Amino acid sequence: MAENVSVGFKVYCLTVMTLVAATYTVALRYTRTISSGDLYFSTTAVCVTEVIKLILSLGMLSKETGSLNRLKNALVEHIFLSPKELLKLSIPSVVYAIQNNMAFLALSNLDAAVYQVTYQLKIPCTALCTVLMLNRSLSRLQWGSVFMLCFGVTLVQWKPAEATKVQIEQNPLLGFTAIAIAVLCSGFAGVYFEKVLKSSDTSLWVRNIQMYISGIVITLLAVFMNDGEKVLEKGFFFGYTPWVCFVVLLASMGGLYTSVVVKYTDNIMKGFSAAAAIVLSTVASVVLFGLQITITFASGTLLVCVSIYLYGLPKLDTSKVPRQEEDDKELKAKLITV
């Protein structure tokens, strides 16, 4: 549930979340398809992102604890003396590492707008994981919006829009497969992490640090398993440009900023943010990549935006209706008695 804060702050959260989501997708697509220069290793970008997230989380924990001594005690207690907790958080670390690498693969083969729309399949995936892992229920409206979203994504993928300014060879089927894996990872890891957070009173930033430590180890292994020989030959930061650094920074901030957005905004605002990010990505794709909008793409995108909004609507509380009817009956009884 969102905390009571000013409307201005909520609008600020919404604006930043929208811009980060849209800009990250478009900038990543740009660095993988149009940007001049040697192509960087995506596995190293994912690894650097984990390192930056760890540094930012340490900074937030330092601010939360209030002193270096308390920060040291928290790290000793929850990191060095809690190997089981690190092992527990290594599960979402592996899953998130796969998800982040799949995002690079998907955006190397699909337009940013098509990716942004299709990636919303994370909503039904998260909903299913929530039902199975957290024993929550969804309303009929939410289930209906899930099916509407899937139908909208099907329309978008039926005949994917083409980008005329992208000259490199692309494989749309490979891109869609990468997104499918990414949304499965997103749904499971997000719900698993929520379950871990709610199972104890441990600080969010401590949990993030535990996860990012595991994430750095896992992504380093991925670097040397996939690109080991090339990295040793050309260097870890081969192909890095200011644009690549910008993408890494956006990915790092985006993950941490989500927790702030969840705390201070509601599902309706997050739904508007996702829809706005889709629109911005589409506009940017038309300008930068020469995306050609088709009827099926436009129709599917509209359905996805509407379904996101419907899914975020609060459930109707009918618990007060019977009580109101009882009060009416009591009033009538009193009137008859009089």
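What share of the contacts in the protein chain with a separation of 6 or more comes from residues 24 or more positions apart? The figure is 89%, where contact means heavy atoms within 4.5 Å. This is a predicted model, so local features need pLDDT of at least 70 and side-chain atom pairs count only at pLDDT 80 or more, while totals for chains, interfaces and linings use all residues. Residues are numbered from 1 along each chain as its sequence is written, and side-chain values use heavy atoms, with hydrogens and water left out.

**Overall fold**

- The protein chain comes to 14 helices and 0 strands, counted as DSSP runs numbered from the N terminus (helices are H or I with at least four residues, strands are E with at least two).
- Of its 338 residues, 45% count as buried; that label means under 20% relative accessible area, with exposed over 50% and partly exposed in between (1.4 Å probe, protein chains only).

**Transmembrane annotation**

- An unreviewed UniProt entry lists "transmembrane region" for residues 7–27, 39–61, 141–158, 173–193, 205–225, 237–260, 272–289 and 295–313. Those positions are given in the numbering used here, with feature names shortened, and annotations may be inferred rather than shown by experiment.
- Residues 39–61 are 87% helix and 0% strand, and the end C-alpha atoms of this span lie 35 Å apart.
- For residues 295–313 the numbers are 95% helix and 0% strand, with 28 Å between the end C-alpha atoms.

**Aromatic rings**

- The whole structure holds 9 aromatic pairs. Rings of Phe, Tyr and Trp (its six-membered ring) pair if their centres lie within 6.5 Å; planes under 30 degrees apart count as stacked, over 60 as edge-to-face and the rest as tilted.
- One of them is the tilted pair of Tyr30 and Trp243, at 5.2 Å centre to centre and 55° between the planes. This pair links distant parts of the chain, with Tyr30 in helix 1 (residues 7–33) and Trp243 in helix 11 (residues 242–264), 213 residues apart.
- Tyr30 counts as partly exposed because its relative accessibility is 23%, and Trp243 gets that label at 42%.
- Trp243 also forms an edge-to-face pair with Phe246, at 6.0 Å centre to centre and 75° between the planes. Both lie in helix 11, 3 residues apart, about one turn of the helix. Phe246 is partly exposed at 32%.
- Elsewhere, ring pairs join Tyr40, Phe104, Phe236, Phe237 and Tyr240 into a cluster.

**Charges over rings**

- Arg32 lies over the face of Tyr40, 4.8 Å from the ring centre, and Arg29 lies over the face of Phe289 at 5.9 Å. The test asks for NZ of Lys or CZ of Arg within 6 Å of the ring centre and within 35 degrees of the ring normal.

**Buried side of helix 3**

- Leu71, Ala74 and Ile79 are buried in helix 3 (residues 68–80). Seen down the helix axis, the buried residues of helix 3 fall within an arc of 95°, so they line one face; the arc is that of the directions from the helix axis to the C-beta atoms.
- Their cover includes helix 2 (42–65), helix 4 (83–107) and helix 9 (204–226).

**Nonpolar cores**

- The largest nonpolar core has 48 residues, and those with the most contacts inside it are Tyr24, Phe104, Tyr115, Leu149, Val304 and Ile308. Such a core is a set of buried Ala, Val, Leu, Ile, Met, Phe, Trp, Tyr and Cys residues joined through side-chain atoms within 4.5 Å.
- A second, separate core of 16 residues includes Leu86, Met211, Tyr212 and Leu256.
- Leaving out residues up to four places away in sequence, Phe104 touches Tyr24, Leu28, Arg32, Tyr40, Ser42, Ala45 and Val46.
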